[in-house]
Amino acid sequence: VQLQASGGGLVQAGGSLRLSCAASGSIFSISAMNWYRQAPEKQRELVAGTTRSGSTNYADSVKGRFTISRDNAKNTVYLQMNSLKPEDTAVYYCNADLIDFQNMVVAAYWGQGTQVTVSS
């Protein structure tokens, strides 16, 4: 099982980016899919999460600016980031709680991270 994140980059303050994360491999089912971020010298924090049924939750710092969504048929989660601020600069990681056919137990998987840099 592999999670592949993409879509990061350099953007000016006020701009937008869309991150994608696709899960692939021998997947039986995926429950929660989340986005985390980690800025230099800071702890990794949850940015947004979504359940299989579509329920969502957001960190207070991104509410109203970021939108998480998922395509269950494609095993993909997205993060639309609008009105970006310099303090959003971080490495963004996707995470999924899923069951693979080999182990048939829920386990957490992580993507490799994608850098988002917002210039002032």
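**Stop one: a salt bridge**

Select Glu 45 and Arg 37: their side chains form a salt bridge, with N to O at 2.7 Å. Keep in mind that this is a predicted model. Arg 37 is buried, at 6%.

Arg 37 sits in strand β4 (residues 27-38), while Asp 88 sits in the loop between β8 (76-81) and β9 (90-100), so the pair ties together parts 51 residues apart in sequence. Asp 88 is buried, with a relative accessible area of 1%.

**Stop three: Lys 63 and Asp 60**

Select Lys 63 and Asp 60. Their side chains make a salt bridge at 3.1 Å, N to O. Both residues are exposed. The whole structure holds four salt bridges.

**Stop four: the whole chain**

Zoom out and switch to cartoon. The protein chain has 11 strands and zero helices. Its C-alpha atoms fill a box of roughly 45 × 25 × 20 Å along the principal axes. The radius of gyration is 14 Å, which agrees with the value near 14 Å for a compact globule of 120 residues. Color by burial: 40% of the 120 residues count as buried. Then show the surface. The chain exposes about 6300 Å², and carbon and sulfur atoms supply 48% of that area.

Technical notes
Residues numbered from 1 in each chain as written. Predicted model: local features only at pLDDT ≥ 70, side-chain atom pairs only at ≥ 80, totals over all residues. Heavy atoms only, no water. Helix = DSSP H or I, 4+ residues; strand = E, 2+ residues; numbered from the N terminus. Rg over C-alpha atoms; globule rule 2.2 N^0.38 Å. Buried < 20%, exposed > 50% of the residue type's maximum accessible area, 1.4 Å probe, protein only. Areas by Shrake-Rupley, 256 points an atom, 1.4 Å probe, with all protein chains shown as cover.
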